[in-house]
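Visitor: Hi, I'm new to this one. Can you put it up and walk me through it?

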Amino acid sequence: MDGVHDMGGMDGFGKVEPEPNEPVFHYRWEGRVLAMSRAIGVFRAWTIDTSRYAIELMAPSIYLTRSYYEKWFLRNQNLLIERGLIDADEVAAGRALRPAKNMNRGPFTLADVEKVTKRGSYGRPAQAPAKFKVGERVRGKNIHPTTHTRLPRYARGHVGVVERLHGAHVFPDSVTTGKGEDPQWLYTVRFDAQELWGADADPKLKVSIEAFEPYLEHV
Amino acid sequence: MTEQHHDEGSSHLTEMDLRVRALETILVEKGYIESAALDRIVELYETKIGPHIGAQLIAKAWSDRGFRQALLEDASKAASTLAETGRVGEHLIAVENTPQVHNMVVCTLCSCYPTDVLGLPPTWYKSFAYRSRTVKDPRSVLADFGVTLPAETEIRVWDSTAETRYLVVPMRPAGTEGWSEAQLAKLITRDCMIGAGLPIKPSEVA
């Protein structure tokens with residue numbers, strides 16, 4: 001979707017402000033939100049792509065004004081209700097009003113912590129040979145799906161060079177629309193800044209994206 | 001949900017505390033999670049999973065040519081061979097700075113970050129300013145960090161739009177000949193492993 005989350009190249013957001021000796025969490029509740037996000041992952045009620053899409057679906061006024069972990073909290077609460085793990089009246093009451101949904105596993109306990117602090121695995125066996133080779137020129141397709149995609153707007157319609165091939169990976173566009181993992185080849189495609197941003201761009205800048213094969217076409 | 005209460009200044013944080021606590025209570029009462037396990041996750045990110053892990057990898061790469069090569073070929077595999085780091089997630093990719101090329105990592109679409117080796121991302125990495133400007137005008141972003149590179153240095157920006165994760169291998173500072181890995185690691189900041197900074201100068205550490 002062409003949402004406000006797709007920020008590459010936008011102007012007007014001001015300076016980057018590094019915070020010296022920044023704490024890992026600024027408030028206690030942020031740590032609880034992060035931990036709950038990791039913990040509920042074990043129930044496989046949704047995937048990493050679904051959770052990103054849920055944040056993209058928030059109204060722009062929410063996306064742009066709520067803090068990072070506040071958005072995570074809203075996302076978690078909304079998805080937990082949507083997938084039937086909790087109910088809206090329980091949120092209103094601040095306590096459980098009925099038994100849990102059967103998630104085919106016991107509670108998330110200390111024994112489960114290690115596995116949720118390691119990143120998941122998204123590489124999958126390929127379904128077909130790769131269409132593009134390292135060194136080949138390719139164009140980012142001019143497509144505007146209204147659902148989740150990981151092809152940023154700034155790369156659409158532009159020509160770059162395949163720099164790396166990473167194997168086949170879970171295809172976010174498919175998972176988030178309920179069509180399964182549909183693994184696709186993943187490439188690093190490198191663009192000259194002047195191709196992306198015009199003749200006034202930094203001649204010594206190169207930018208790459210990680211592009212799933214369906215995002216690309218032959219030049 | 002009570003969205004209308006959100007912008008009420010000082011009561012805002014208190015309300016978030018209450019709302020988060022309520023959700024945790026519901027999840028615990030329904031038997032989905034144990035609070036002690038959440039405590040442990042918070043503790044791990046506050047004390048165990050942080051940029052010191054990445055700094056050990058870089059210090060070893062600076063000291064050991066074989067390890068440097070292994071890291072550049074397959075960073076997930078190389079990192080997992082170190083006792084200090086243990087297993088790290090798949091598709092970690094190390095990219096090396098040279099006198100000709102400076103690498104920077106960004107996620108324009110959300111906040112993808114090599115958490116296995118750097119911990120949770122700092123607020124600036126998740127900021128709209130960093131996410132929007134880095135792919136178009138990275139030199140101005142570097143200026144916000146007080147870093148100026150020669151105009152002839154190529155800047156190579158990696159937008160993390162998939163489940164690959166990038167780690168920048170900065171250049172080893174001159175004047176560190178004979179330093180131990182532990183000494184070298186003290187020069188390696190989180191920001192320099194994202195490409196938003198440079199290693200600390202040897203003269204600035206005791």
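Visitor: Let's start with H1(A). How many of its 13 residues are buried?
Guide: Eleven of the 13, so H1(A) is largely enclosed by the rest of the structure. Buried means 20 or more other C-beta atoms lie within 10 Å of a residue's own, exposed means 12 or fewer, and partly exposed is in between; the C-beta atoms are placed from the backbone. Among the buried ones are A:Trp29, A:Arg32 and A:Ile40.
Guide: A word on the source: this is a predicted model, where local features need pLDDT of at least 70, side-chain atom pairs count only at pLDDT 80 or more, and totals for chains, interfaces and linings use all residues. Residues are numbered from 1 along each chain as its sequence is written, while chains are lettered from A and ligands numbered from 1 in the order in which they are written.

Visitor: What span should that helix have at 1.5 Å a residue?
Guide: The 13 residues of H1(A), 28-40, should span 18 Å, and the end C-alpha atoms are 19 Å apart, which agrees. The expected span is 1.5 Å times one less than the number of residues. Helices (H or I, at least four residues) and strands (E, at least two) are DSSP runs, numbered from the N terminus.

Visitor: Switching to chain B. How many helices and strands there?
Guide: Chain B has ten helices and four strands. Of its 206 residues, 47% count as buried.

Visitor: And how many residues of chain B are in contact with chain A?
Guide: 69 residues of chain B are in contact with 67 residues of chain A. Contact means C-beta atoms, placed from the backbone, within 7 Å.

Visitor: Which element of chain B gives the largest share?
Guide: H1(B), with twelve residues.

Visitor: What about strands? How many bridges join E5 of chain A to E3(B)?
Guide: Five, and the two strands run parallel. Strands pair if DSSP finds at least two bridges between them. One bridge partner pair is A:Val207 and B:Val157.

Visitor: Back to chain A. Which domains does the assignment give?
Guide: Domain 1 covers 28-116 and domain 2 covers 123-218. Those bounds come from an automatic or database domain assignment. Their contact takes six residues from domain 1 of chain A and four residues from domain 2 of chain A.

Visitor: How far apart are the C-alpha centres of those two domains?
Guide: The centres of domain 1 and domain 2 of chain A lie 30 Å apart.

Technical notes:
Two residues are in contact if their C-beta atoms, placed from the backbone, lie within 7 Å.
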